[in-house]
Amino acid sequence: MKLKPIIQELRAHCPGFDGRVFGVGTFSRLDESVAAELLPAAFVIPISEDPEEPAVINRYRQQVRFNFAVILMVANTEDEQGLTAWEKSVDLKKEVFQAILGADDIQAGRDWIQFESLTVLDLNRAALTVQLDFSCQYEINDNETRHGADIDRLGRFLRMYTDIDVIAEKGHPDGRIEAKVLIDLEKTK
């Protein structure tokens, strides 16, 4: 699942970040020396994808839970205990919830986003870092798989010829064909 739309939603609907919402690459370059004037900031990072068993009868379908995090980084320069930073992170969490919770993208095939958990990642003299975990479901279907391409190459199913071997007294077919059947699907329309 792409994370750019989530970043765009957070930038548009979370005024507390003042547009400072970034992806995983920016987060990986941060350290304790982040300047307080660059905070608060948010970082959207992928966590995992957890697929269910595929439901295959004649078409491929598989549900996948996509897990991602919004990491909040709030300046912790006002008090040593970090209470002010925590209070600010609670306010930012509300903005994040209002921006993305329950959002869906039917055209992209993604179900609605739900909140999973909160974890405090770090608290130091420079910043409080809080991770908000979210998930959403999406489906892999035939048009995204090799199976679907193979089925599409078969063409239309128009008629079927079959031989019928009646079950004999011993409970299994005896190998003698008792009937032949032609099913023409074009004529039965």
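Q: What does Phe115 count as in terms of relative accessibility?
A: Phe115 counts as partly exposed, because its relative accessibility is 31%. Buried means under 20% relative accessible area, exposed means over 50%, and partly exposed is in between, with a 1.4 Å probe and protein chains only. This is a predicted model, in which local features need pLDDT of at least 70 and side-chain atom pairs count only at pLDDT 80 or more, while totals for chains, interfaces and linings use all residues. Residues are numbered from 1 along each chain as its sequence is written, and side-chain values use heavy atoms, with hydrogens and water left out.

Q: And where does Phe115 lie?
A: Phe115 lies in strand S4, which covers residues 114-123. Strands (E, at least two residues) and helices (H or I, at least four) are DSSP runs, numbered from the N terminus.

Q: Which residues form the nonpolar patch on the surface?
A: The patch is formed by Trp86, Leu101, Phe115, Leu118 and Val120, and together they have about 370 Å² of accessible area. Strand S4 supplies three residues, the largest share of the patch. Patches are made of residues with over 30% relative accessible area and no salt bridge; nonpolar side chains (Val, Leu, Ile, Met, Phe, Trp, Tyr) are joined within 5 Å and like charges within 9 Å. The accessible areas come from the Shrake-Rupley method with a 1.4 Å probe, and for residues only the protein chains shown count as cover.

Q: Changing topic: in what order do the five strands of the open sheet stand?
A: The order is S1-S2-S3-S5-S4, and the pairing is mixed. S1 and S4 are at the edges with a single partner strand each, so one side of each has no neighbour in the sheet. Two strands pair if DSSP finds at least two bridges between them.

Q: In which sense do S1 and S2 pair?
A: Strand S1 (residues 21-22) and strand S2 (residues 41-51) pair in the parallel sense, over two bridges. Val21 stands opposite Ala42 in S2.

Q: How many bridges join S2 to S3?
A: There are 10 bridges between S2 and strand S3 (residues 61-75), and these strands run antiparallel.

Q: Now the charges: how many salt bridges does the structure hold?
A: The structure holds nine salt bridges. A salt bridge is a side-chain nitrogen of Lys or Arg within 4 Å of a carboxyl oxygen of Asp or Glu. In one of them, Asp18 pairs with Arg20, and the closest N and O atoms are 3.6 Å apart. Asp18 is exposed at 59% relative accessibility, whereas Arg20 is buried at 18%.

Q: Which strands do Asp163 and Lys180 lie in?
A: The side chains of Asp163 and Lys180 meet in a salt bridge of 3.3 Å, N to O. Asp163 lies in strand S6 (residues 159-164) and Lys180 in strand S7, so the pair ties together parts that are 17 residues apart in sequence. Asp163 is partly exposed at 46% relative accessibility, and Lys180 is exposed with a relative accessible area of 66%.

Q: Which residues do salt bridges that share partners join into one network?
A: The network consists of Arg146, Asp150 and Arg153. Within this group, the closest N and O atoms of Asp150 and Arg146 are 2.9 Å apart. Both residues lie in helix H4 (residues 146-154), four residues apart, about one turn of the helix.

Q: What separates the C-alpha atoms of Met160 and Asp184?
A: These atoms are separated by 6.6 Å, although the two residues are 24 residues apart along the chain. Met160 is found in strand S6 and counts as partly exposed at 33% relative accessibility. Apart from neighbours within four places in sequence, Met160 is in contact with Val181, Leu182 and Ile183.

Terms used: Contact = heavy atoms within 4.5 Å.
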